[in-house]
Amino acid sequence: MKEELQAIQEEGLEALRQVKDLKELESLRIDFFGRKGKLTDVMKGMGNLSQDQRPIIGKLANEIRTALTDAFDSTKNALESKQQEQQLMEEAIDVTLPGRKPAYGKAHPVMQTLDRIEDIFNQMGFQAVTGPEIETEHYNFDALNTPSDHPARDLHDTFYLTDGHLLRTHTSPVQIRAMEKQKPPIRIIVPGKAYRVDYDVSHTPMFHQVEGLLVDRHVTFSELKGVLVSFAKQMFGDQTKMRFRPHFFPFTEPSAEADISCTVCQGKGCRSCGHTGWIEILGAGVVDPEVFRAVNYDPEEVTGFAFGMGVERIANLQFRIPDIRTFYENDLRFLGQF
Ligand code: PHE
């Protein structure tokens, strides 16, 4: 029995030296230590040994068992690390390859411009308020001194809805809503969307405006000029000049349109400004007493000024694109450039 055990040990150690992978090792384990394994078999035969042989053989059997188990474990470790090494070689990761960058979003160019406009007026003490895009004729026209027989209504190319509702053609109705809500003094801007039936290289049916309204005692046109010139210089640079041309709006009197010196040619005259040196950016004026009456303000007590500018027009002065409709085609290759 002693020889038998020693033979098993020899055989086991030799087999372990030959084993090539973990799968072979596992079948070897079953061969030797399994329920019907070689070593198990011999151990079972121990019961037939004599009293004095049993402890000697038992000790030997245990030693051999331990030796084989140890050899088994170290072979297993070796095979495992060899396998891992091989795997690392095969699945090599090139850490110098550039990673995949997540696509990140940013503000739409028109919103970037709108944010900048808001910042400038905020610093001058104007607070941003908003109002509904679906309006009534009352707020969009009548209260702004533009009754239905007023010729200025025809100029607005209005999208009419049912029941006397319409898509607001400008942000000016929010002037009325703000004055109905609060007593003077008022100093607000109104960023928002407006709608007109219009579609060409410089017009989209939906566009953005920023309205401004300041109401207090003794407000003058020169203060309007001061605020707008300051805005223009902050928005387009210190060298920017601004001029006011007489104009007409039903809700302001006197009214003006304001131009800035062309940002392309600095006023010398070029294709961008139609060789005039000037580019129109907004409408403005002193609030008409009729507008104050519509909101129960006393025109003898308060005066004010208002202005309204087109955001796309201003965005285009910054970004210079040939057709503002591309702002709204949602082509990320285009929008991502700004
Ligand atoms: N609402 C005018 C427009 O859309 C602009 C404007 C606003 C003019 C406020 C004067 C005062 O053209």
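Guide: The lining of the second largest cavity comprises 2 nonpolar residues, 5 polar ones and no charged; Ala, Val, Leu, Ile, Met, Phe, Trp, Tyr, Cys and Pro count as nonpolar, Asp, Glu, Lys and Arg as charged, and the others, Gly among them, as polar. The model is predicted, with local features requiring pLDDT of at least 70 and side-chain atom pairs pLDDT 80 or more, while totals for chains, interfaces and linings use all residues. Residues are numbered from 1 along each chain as its sequence is written, and side-chain values use heavy atoms, leaving out hydrogens and water.

The residues that line this second cavity are Phe236, Gln239, Thr240, Ser261, Cys262, Thr263 and Gln266. A cavity is a set of points on a 1 Å grid over the protein atoms alone where a 1.4 Å probe fits but cannot get out, and lining residues have an atom within 4 Å of a point. The volume of the second largest cavity is about 30 Å³, a volume being the space filled by probe spheres set on the points, which are joined across faces, edges and corners.

Across the whole structure, 2 cavities of 30 Å³ or more are found. The largest cavity holds about 40 Å³ of space and is lined by Gly12, Leu16, Leu28, Phe32, Phe33, Leu68 and Phe72. Helix 1 (2–18), helix 2 (22–33) and helix 4 (53–90) each give two or more residues to this lining, and helix 2 gives the most, with 3. Helices (H or I, at least four residues) and strands (E, at least two) are DSSP runs numbered from the N terminus. The lining of the largest cavity has 6 nonpolar residues, 1 polar and no charged.

The ligand, for its part, sits in the largest pocket. A pocket is an open set of grid points with protein on both sides within 12 Å along at least five of seven lines, and a molecule sits there if more than half of its atoms lie within 2 Å of the grid points. Strand 5 (206–216), strand 8 (278–287) and strand 9 (303–310) each give two or more residues to the shell around the ligand, strand 9 giving the most, with 3. This shell divides into 5 nonpolar, 7 polar and 2 charged residues. Of the 14 residues around the ligand, those that come nearest are His170, Ser172, Arg196, Gln209 and Glu211; a residue is near if one of its heavy atoms lies within 4 Å.
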